[in-house]
Amino acid sequence: MTRRLWVSLIATTLLVVIAFGSNVSTGNNPKLGLDLQGGASVILEPVESGATSEDLVVVRSLIRDELERTGIAEPDVRVQGATIVVDLPGVKDTQEALDSVDVSGIVELRPVVNFFECNTGAEPTDGVSIDPNATPAAGTLGLEVPDAESVKRRSAPDDTAPDTDTAPDTDTEPDTDTEPDTDTEPVETDEPVEPADDEPAGDEPVDDVLTDDVLADLLPDDDAPIVPDLSAATLNGNELLISRDGEPLCVGPAQGSGEVFERQSATVAINNGFEVSVELRAGQGEATWNNLSAQCFSGAATCPIQGVGNGARGRLAIVLDDVIQSAPSVNQPAFNGAVSITGQFDQSEAQDLANILNRGAFPVEMEAQEARTVSASAGGDSLRAAIIAGLLGVALVLTFLLFYYRWIALVILSGLTIWGLTVYSAAAFVSGATNYSLSLAGVTGIIVAVGVTVDSYVVFFERMKDEIRNGRTLKNAAPRSFKMTWRTIWSADLVSVIGAAILFWLSVGSVRGFALFLGITTLCDLFVCYFFTRPAVLLLARSKFMQGRRAFGLEVAS
Amino acid sequence: MSRPDHIAASGPGRLYRGQTAIDFFGRRMIGAALAAIVVVVTIGSLLVQGLNLGLDFEGGQAWDVPANDSFDVSDAEQVLDDNGISITGSKIQRRESTGDESDAIVSVQIEEVSEEQAETLTQAFADASGSTVNDVGFSFTSSSWGSEITEKALRALVIFLIIVAIFISIRFEWRMAVAALAAMAHDVLFAVGIYTVFQFEVTPATVIAFLTILGYSLYDTIVVFDRVQENEGKYASVRMPYADVVNISMNQVLMRSINTSISSLLPVASLLLIGSGLLGAVTLREFALALLVGMISGIYSSIFVAAPLLATLRANTGRASRRERLTGEDLRAAVIGAGVTGRVVDSSTPTADDDDGSTLAARSRPKRDDGDDSDLVKTAAVHQPAEKILSHPPRPRKKKRR
């Protein structure tokens with residue numbers, strides 16, 4: 001028993017001291033926040049003039065979200081005049097700052113004019129290189145085959161709303177028959193009802209489905225023979241762009257932007273594979289979208305039908321930064337309120353697409369103008385003052401406790417030191433790994449945490465005092481007291497940890513930073529309490545050193 | 001010196017030895033009245049004048065002043081100070097391109113002021129930096145703490161409180177969850193009240209301070225309730241009124257609460273007095289004040305709000321207790337760990353393990369004699385050998401009395 005206590009005590013001390021030492025020697029210090037250390041500042045301006053201040057406020061929020069999502073913690077983003085100023089904590093390199101705030105491209109909606117090449121201009125084509133069986137280009141065909149097959153089985157020539165048959169108009173749930181191209185089953189379930197389907201129902205589909213052709217899985221690996229002719233880029237405003245899956249598509253000029261989508265409405269759901277749903281902004285957004293979808297559905301010149309067969313429809317590309325993020329084919333002429341995109345995504349692909357649709361709502365395109373370094377906003381002396389005052393306060397606390405608990409308070413002194421070193425190492429590690437930086441509020445939060453940490457000793461020692469007063473020996477009182485104390489401490493600390501975890505997951509900005517450091521200090525408290533304080537007090541209580549001393553100013557029974 | 005179980009003569013001595021016998025439950029109305037005042041004043045003030053939201057929440061005005069040898073951050077502070085604008089709520093930063101000192105600017109953001117004052121400031125900045133008014137860029141800034149941050153934080157907070165309530169209900173009981181959350185609300189309202197009544201500026205740091213207070217309050221209340229729950233088990237078989245259990249527990253944790261308060265408050269007080277007072281870090285001042293107030297309130301509320309509320313909630317549950325609440329010396333006897341049994345113990349017969357003199361102490365105390373000794377079921381607080389009571393609940397009684 002004694003041996004295990006020694007092992008725990010020594011191992012903990014060594015571990016903490018080594019961790020601290022290595023952090024200090026490698027210069028891995030906790031990052032300090034904007035208010036304490038400054039950082040970099042980037043000024044963004046709208047590319048085109050005429051952006052209203054409401055637009056800028058919207059962009060501000062979107063940039064904030066986007067920065068947080070990409071892991072930049074606690075940025076300070078605000079509209080200043082006609083510009084947006086982004087202050088990033090802890091970043092000293094202005095180029096790095098410029099790169100990290102480059103998040104404000106706008107999403108364009110461009111109808112797909114042609115697969116693979118743009119030479120044919122805006123004219124509708126009937127499937128390039130149709131060769132049902134062979135050639136790498138069969139990728140397209142391979143993709144279309146199940147669709148075409150299923151369509152052959154359809155009797156209704158005019159199935160404008162293939163998926164309204166099972167969905168009542170008021171139903172907001174995603175349909176089950178999302179018809180991924182490669183899956184014929186849902187289509188089959190459609191069949192019996194399909195002929196009975198009438199037009200009015202097709203006009204108000206509540207739940208609207210696009211299917212995303214994910215070619216990557218279907219294309220043979222060796223698509224070497226096909227070299228997209230990127231030089232023939234622009235013709236009638238058409239551009240040959242590469243999708244994220246490596247599929248070259250010729251797309252027409254943008255007919256809408258991500259603004260047609262409701263802000264922050266894109267979500268990922270699991271429905272026969274992953275599905276990305278996004279709401280359409282009522283009014284203008286929906287009108288723009290439906291105008292586009294009608295063109296693609298009917299195969300108008302601007303958005304010709306891709307592939308063969310009755311079920312083949314035009315495709316609509318979602319483009320960001322000249323990369324096609326997704327190019328689903330449009331399965332209905334009109335959408336009511338919401339759009340859902342299905343296909344062979346895995347979860348991260350679906351999440352990416354949802355994020356893109358969300359950020360696509362930038363109303364204006366912003367461009368970074370310049371990056372500068374900024375100094376600490378709280379004034380350079382604040383950190384020093386906080387630390388001096390904090391240390392002085394802690395010294396006062398220790399003096400008080402030493403006076404109050406006498407010899408046993410030595411444990412508090414060493415325990416607090418160990419705790420402080422642990423918190424430092426943890427903060428250094430976390431701020432290195434996650435970008436969270438220590439702001440003035442964080443520093444003072446840690447100073448407050450000293451009080452909570454000291455409390456675990458006070459609870460422990462008061463309990464021991466009770467036991468001793470009732471006639472126990474010190475040696476006997478210590479383990480009993482610890483048992484009761486531990487119960488109290490973990491209950492109380494667990495609440496803090498729960499709080500920290502929830503606030504961290506669900507909130508943003510400085511609240512998140514606060515939660516992080518609350519969690520760190522509380523966990524360190526639990527760690528030190530169990531692995532350092534317990535063995536230290538238990539060993540001290542049974543040592544010869546304490547015998548005959550008045551541990552708590554009380555006479556100890558022997 | 002004295003035996004460990006000797007009752008100290010002086011108040012502080014008793015406090016030090018954990019021998020206090022304060023009837024917290026009996027004074028619950030004082031706590032309730034104070035809490036009611038806090039709530040009414042805070043809500044009233046919130047409705048009448050609201051909170052003084054700072055730059056980060058409401059936006060304001062910004063100046064970009066060219067920096068040079070004679071004009072830097074401290075000079076900008078001086079200008080603001082001369083014009084009677086608080087530096088606490090302002091952000092003054094030096095911005096420069098990397099490695100290029102020549103185009104450095106001092107950017108000053110302050111809360112919105114009137115147009116004339118803004119013009120005066122522009123002129124003042126121009127004068128101080130030795131440039132012309134045209135060189136000083138002036139613009140309006142938006143908030144950087146948008147409403148969506150507040151919304152997300154509030155949503156997280158609500159979920160947190162629900163989960164904490166569930167946790168306390170499982171670990172303790174639901175009434176404790178109610179009492180703990182009430183005490184927490186009291187503390188946060190108190191801190192918010194200070195801000196709204198004195199119209200201190202609310203910054204993101206203040207919000208953090210409120211959250212810290214919230215966490216601290218819950219922590220403190222749970223430590224206290226843990227002792228209540230422990231004592232509840234200990235006295236389960238003697239039909240102790242719940243108010244007594246609470247009273248005993250409060251007195252037992254009193255020293256701990258005081259020590260913890262001192263340990264928690266000293267660093268914060270040091271931040272307030274030394275950090276912002278002597279060392280002049282003004283940004284610390286209101287933050288430290290909010291923390292100080294909130295933490296004092298947290299310690300106060302766990303004893304004077306949460307515990308009496310818990311006792312009140314529990315008052316009519318379980319089996320009816322057999323006797324009046326313990327007060328005075330009886331309460332003290334219970335507090336210092338002597339057991340309370342259901343029987344009147346004949347104090348003239350020393351118990352077998354009377355080896356530490358506790359029974360002696362009990363005997364030497366003037367016995368309460370109020371004439372109803374004939375009532376055999378009357379419960380007297382007596383000293384029992386402490387070990388029996390301290391860590392174990394009493395063995396269940398084997399046969400029914402009478």
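Reader: How are α12(A) and α13(A) set relative to each other: parallel or oblique?
Author: Heads up, this is a predicted model, in which local features need pLDDT of at least 70, side-chain atom pairs count only at pLDDT 80 or more, and totals for chains, interfaces and linings use all residues. Residues are numbered from 1 along each chain as its sequence is written, while chains are lettered from A and ligands numbered from 1 in the order in which they are written. The axes of these two helices come within 8 Å and cross at roughly 135° (axes are lines fitted to C-alpha atoms, for helices over the stretch in contact, with angles from 0 to 180 degrees between N-to-C directions). Angles under 35 degrees count as roughly parallel, over 145 as roughly antiparallel, 65 to 115 as roughly perpendicular and the rest as oblique, so this pair is oblique.

Reader: Which residues in α13(A) does α12(A) meet?
Author: Contact here takes C-beta atoms, placed from the backbone, within 7 Å. From α12(A) come A:Ser456, A:Val459, A:Phe460, A:Arg463, A:Met464, A:Glu467 and A:Ile468. On the α13(A) side they meet A:Leu474, A:Ala477, A:Ala478, A:Arg480, A:Ser481, A:Phe482, A:Met484, A:Thr485, A:Thr488 and A:Ile489.

Reader: Which hand does the crossing of α12(A) and α13(A) have?
Author: Look at how the near helix is turned from the far one: anticlockwise by less than a right angle is left-handed, clockwise is right-handed. α12(A) passes α13(A) in a crossing that is right-handed.

Reader: Where does α12(A) come in when chain A touches chain B, and how many residues does it give?
Author: Across the two chains, 77 residues of chain A are in contact with 77 residues of chain B. On the chain A side, α3, β2, β15, α10, α12, α13 and α14 each supply at least two residues. The largest share comes from α12(A), with 19 residues.

Reader: What about A:Ala368: buried or exposed, or in between?
Author: A:Ala368 sits in strand β15, residues 366-374 of chain A, and its C-alpha is 9.5 Å from that of A:Val85, 283 residues apart along the chain. A residue counts as buried with 20 or more other C-beta atoms (placed from the backbone) within 10 Å of its own, exposed with 12 or fewer, and partly exposed in between. A:Ala368 has 19, so it is partly exposed.

Reader: And is A:Ala428 buried or exposed?
Author: A:Ala428 lies in helix α11 of chain A and touches A:Asn23, A:Asn28, A:Asn29 and A:Pro30, leaving out residues up to four places away in sequence. The C-alpha atoms of A:Ala428 and A:Asn29 are 4.9 Å apart, though 399 residues separate them along the chain. With 22 other C-beta atoms within 10 Å, A:Ala428 is buried.

Reader: What do the buried residues of α1(A) pack against?
Author: In α1(A), the buried ones are A:Leu9, A:Thr12, A:Val16 and A:Asn23. Their packing partners in chain A are α11 (409-434) and α14 (509-542).

Reader: How far apart are the end C-alpha atoms of helix α1 of chain A?
Author: The expected span is 1.5 Å times one less than the number of residues. For the 24 residues of α1(A), residues 2-25, that should be 34 Å, and the model agrees because its end C-alpha atoms are apart by 34 Å.

Reader: How far does α11(A) reach, and which residue just after it takes a positive phi?
Author: α11(A) has 26 residues and reaches 36 Å from first C-alpha to last, close to the 38 Å expected. The positive phi just after it, about 80°, belongs to A:Asn435.

Reader: How many helices and strands are there in chain B?
Author: These are DSSP runs numbered from the N terminus: H or I of at least four residues for helices, E of at least two for strands. Chain A has 14 helices and 15 strands. Chain B has 13 helices and six strands.

Reader: Where in chain A does pLDDT stay under 50?
Author: pLDDT is the predictor's confidence in each residue, from 0 to 100. Chain A averages 70, and 70% of the residues score at least 70. It stays under 50 over residues 120-208 and residues 212-235.
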